[in-house]
Amino acid sequence: MYLADAAWPDLSSYFESESIALIPLGSTEQHGPHLPEGTDHLIAEAFAREAADRTGFLRTPPVRIGVSPHHQQFPGTMSVDPPAFRDYVESFTRSLTTHGIDRVIYVNAHGGNITHLREVGRRLREDGTAFAVEWMWDESIPEQVNDVFDHNGPHGGPKETALIQHLNPDLVHEDRLEEARDTGLVEVSEDVGRVHGARTFYDSIENSENGVFGDQTGATAEIGAGLFTAASDELVALAEWLDEQPFEDLMPREHVSTRS
């Protein structure tokens, strides 16, 4: 069920029987010369839609602008200050809890949002309001993602390219895939941007001229379809697992005591 399309009597019926909401979050930021700036939120919305359709759980409208200051040098990138992002997500999540939602999956497709969503989840859990967990599609199937590409990349690389080729092929500039590879950073390792163990970079442009990483030329819609199916299965399984958990088991444990 999609919250924004439903009338309130139907939503009332949902809240009487269910307590889970899927909230898609992404970004609007550069993804190289070959992918749209909406790559992350398009991916997040697709996963949330698929999981909601398969489980019957509630899907909310998406958050399409995230924390992206590290891409600000590229035209069109939009970003939200981290405190504003955290407060906004926490506020609308708390509004859902007034209707009976007490467990939330942040269906996230932007790495810059991760730590902030985890912080929001901690706040909600610590005061006993809700259990909110952040989920990233590629972290749910890491071995499969790495197995299908020789040169994977964390941003604008073959995994995101393959997904958009599958989900929104008209938005992919297929004639720019070699340019994306040749003017970006193909080989990504733990040594990139580090000096004597310190992470010395703050922005993507410091390591990649075009802001993307990996070899996009090996991506195909067929590979994207396989990744989408595999990660969707994981999201569905997570939602079903979360639905089965007693709420009290999801809350913080009591303070350790040495008293007998």
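Residues are numbered from 1 along each chain as its sequence is written, and side-chain values use heavy atoms, with hydrogens and water left out. As the model is predicted, local features need pLDDT of at least 70 and side-chain atom pairs count only at pLDDT 80 or more, while totals for chains, interfaces and linings use all residues.

A pocket here is an open set of points on a 1 Å grid over the protein atoms alone, where a 1.4 Å probe fits, with protein on both sides within 12 Å along at least five of seven lines; its volume is the space filled by probe spheres set on the points, which are joined across faces, edges and corners. Lining residues (an atom within 4 Å of a point) number 33, and Pro154, His155, Arg199, Phe201 and Phe213 sit nearest the centre. Both α5 (137-140) and α7 (158-167) put in at least two residues, with α5 giving the largest share at 3. Helices are DSSP runs of H or I with at least four residues, strands are runs of E with at least two, and both are numbered from the N terminus.

By class, that lining splits into 11 nonpolar, 12 polar and 10 charged residues. Nonpolar covers Ala, Val, Leu, Ile, Met, Phe, Trp, Tyr, Cys and Pro, charged covers Asp, Glu, Lys and Arg, and the others, Gly among them, go down as polar.

Around it are Arg118, Gly121, Arg122, Arg125, Phe131, Ala132 and Val133. Two or more of these come from each of α4 (114-126) and β4 (131-136), and α4 gives the most, 4 residues. The class count for this lining is 3 nonpolar, 1 polar and 3 charged.
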